[in-house]
Amino acid sequence: MPRTYCVLLILVVTFGALVLRVPRLRQRPMHCDEAVHAEKFNKLLEEGTYVYDPLEYHGPTLNYLTLVPAWLSGEKKYTEIDEFTLRIVPVFFGVLLVFMPLLIADGLGRRGAILAAALTAVSPAMVYYSRYYVQEMLLVCFTFGVIVSGYRFVRSPRVIWAVLIGAFLGLMHATKETCIIAYGAMFLAMVFVLLLRRREGIPTAKSLRIIKPRYVIAVIAAGGIFAGVFFSSFFDNIMGVPDSFRTFLNYFTRAGSNPLHINPWYFYLKMLFWSQYGDGPVWSEGLIVVLAVVGFVAVMRKKGPVGVNQDLLRFLAFYVLIMTVVYSIIPYKTPWCFLGFLHGMILLAGVGAAWLLRIAPKHAGRILLGVLLAVGVVHLLFQAYRGSYQYYDDPRNPYVYAHTTSDVYKITACVEQVAQFHPDGHNMHIQVFFPHNYWPLPWYLRSFNPRNIHWDKQIPIGELPAPVILADPDLESQLLDMFYKNPPPGRREMYVPLFIDPSGKYLECLELRPQVEIRGYVRKSLWDKMEQAKAPPMQRRIQNSEEDRREKIEQKIAKEEKKKREYRNLTTDFADCTD
């Protein structure tokens with residue numbers, strides 16, 4: 001295939017990937033992890049400060065890179081940014097991954113590079129998590145950057161390629177602590193390639209002859225600079241650099257003992273081959289896995305497509321195998337963590353598909369295989385669209401993991417409505433009592449003064465109720481005490497449910513996440529103001545006139561009672577005088 005056709009086709013596929021990923025970035029509710037990262041970005045945006053935490057939040061690259069779309073949009077405050085500003089960052093790196101096979105097309109084979117780009121573009125998992133404000137897509141992209149730069153260095157040893165290798169290694173480290181798995185996998189893959197070369201009669205010393213001191217220095221210097229600049233918050237927090245190594249201890253502890261995300265070894269493979277939950281649709285990226293296995297076998301048997309670099313393909317084969325085994329062994333598993341070896345599988349799948357097209361019988365055989373591959377790609381595209389635009393927060397989607405439900409929009413709308421009728425507006429006092437993970441509520445309540453929002457897992461003894469309260473249903477008995485026992489006489493107010501549906505029906509509770517319920521309460525005095533404002537003009541006039549009439553009647557009764565008391569007093573005085 002001519003190089004020009006390869007370039008044009010990959011550019012077309014890249015544009016298609018952009019079109020598939022950008023629309024409706026605000027549609028899906030924020031996952032709790034996304035909201036936590038957004039809160040971390042808040043301090044960087046408004047205060048210009050970032051302090052790396054080795055125990056949480058992962059690396060700083062996601063936060064600093066989000067400054068770019070915020071600045072381009074002219075957004076300087078946390079209340080001004082939205083989901084688009086945040087999620088466009090992983091979208092950019094997800095689209096870049098589609099384009100990057102072009103940079104090693106002479107190693108993958110041009111046909112393999114095109115097919116790998118196409119599979120990256122339509123993979124349901126790659127599409128879904130390209131729209132997810134977490135570090136994973138950045139990590140996968142920087143890892144591929146190391147592979148691309150390493151390949152180019154081997155082909156043409158130059159300082160620029162050594163610098164790029166170091167830069168991408170440093171960016172990996174500054175993105176997420178799981179980079180250590182990719183480091184180990186890449187190192188072992190290189191060792192296995194060298195062993196195979198030696199077995200074929202090529203001495204290891206000859207293979208390593210291109211590695212010279214100046215290149216090693218360039219790699220180490222570039223990696224240290226890029227990682228150090230980010231972890232030190234551009235030299236404002238030097239302790240962030242040693243903390244970036246202490247974080248690995250925390251990761252190893254969490255990976256082996258955290259019970260929240262412990263899953264069986266086949267968790268990722270099952271998700272890729274076949275997933276169906278309840279009456280939901282069937283999800284499968286089995287085409288990619290099968291083609292990756294084909295590619296692996298072809299590479300190991302040295303029967304891959306023509307016009308490829310055998311060492312690069314062997315490296316990819318070993319790298320994918322090691323990554324898959326390690327991530328399967330680690331008990332701690334969340335769906336987005338498998339993107340590293342899934343992307344490697346996609347590269348091998350492109351090679352496998354190209355090899356099948358080469359060995360297929362001419363004409364009829366290749367046409368049939370081409371049609372089958374096209375059908376498989378369209379099926380992946382259909383799943384990608386369905387997963388990101390229809391089942392985006394549905395638990396029946398395997399990529400939806402402990403996700404926030406769309407009820408969070410109802411919760412936010414109800415609280416915002418109360419603020420319109422409270423004299424303090426968005427400075428209104430709000431209490432949130434939730435023993436579970438209450439995120440992403442801080443993101444959705446970011447328009448309110450954070451100093452006036454009280455977050456707690458339990459209700460403190462003697463606590464007085466705020467105008468609006470969000471709480472776990474299990475705390476209802478404690479809430480009743482707070483409503484009607486804690487306030488002193490004369491300050492007790494009645495509370496009513498906060499949540500209502502569009503028809504005006506009270507909703508006892510909503511779901512923050514599947515099976516994680518939350519209830520809302522509001523002072524009845526505020527609720528009455530809201531209800532009166534919602535009434536039609538004529539009804540409001542009737543209500544007002546009725547209230548006026550009642551007030552006049554009450555005044556009249558009060559006057560009559562006063563006259564009666566005065567008459568009784570006068571009668572009593574007269575009787576006393578006659579006596």
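The model is predicted, and in it a cis peptide bond links W439 to P440, with omega at about 15°.

The phi angle of R24 is near 55°, a positive value in a residue other than glycine.

Helix α1 itself spans residues 3-21 and includes Y5. On the surface, Y5 belongs to a nonpolar patch together with M1, L8, L9 and L11. The accessible area of these residues together is about 500 Å².

The packing of two helices may be considered next. Two packed helices are described by the angle between their axes and the distance between the axes. For helix α6 (residues 110-122) and helix α17 (residues 339-359), the axes come within 8 Å and cross at roughly 135°. Because angles over 145 degrees count as roughly antiparallel and those from 65 to 115 as roughly perpendicular, α6 is therefore oblique to α17. The crossing in which α6 passes α17 is right-handed.

Which residues of α6 and α17 meet? On the α6 side they are R111, G112, L115, A116, L119 and T120. Their partners in α17 are H343, I346, L347, A349, G350, V351, A353, A354 and L357.

How values were computed:
Residues numbered from 1 in each chain as written. Predicted model: local features only at pLDDT ≥ 70, side-chain atom pairs only at ≥ 80, totals over all residues. Heavy atoms only, no water. Patch = residues over 30% accessible without salt bridge, like charges linked within 9 Å, V, L, I, M, F, W, Y side chains within 5 Å. Areas by Shrake-Rupley, 256 points an atom, 1.4 Å probe, with all protein chains shown as cover. Salt bridge = Lys/Arg side-chain N within 4 Å of Asp/Glu carboxyl O. Helix = DSSP H or I, 4+ residues; strand = E, 2+ residues; numbered from the N terminus. Axes fitted to C-alpha atoms, helices over the stretch in contact; angles between N-to-C directions. Parallel < 35°, antiparallel > 145°, perpendicular 65-115°, else oblique. Left-handed = near helix turned anticlockwise from the far one by under 90°. Contact = heavy atoms within 4.5 Å.
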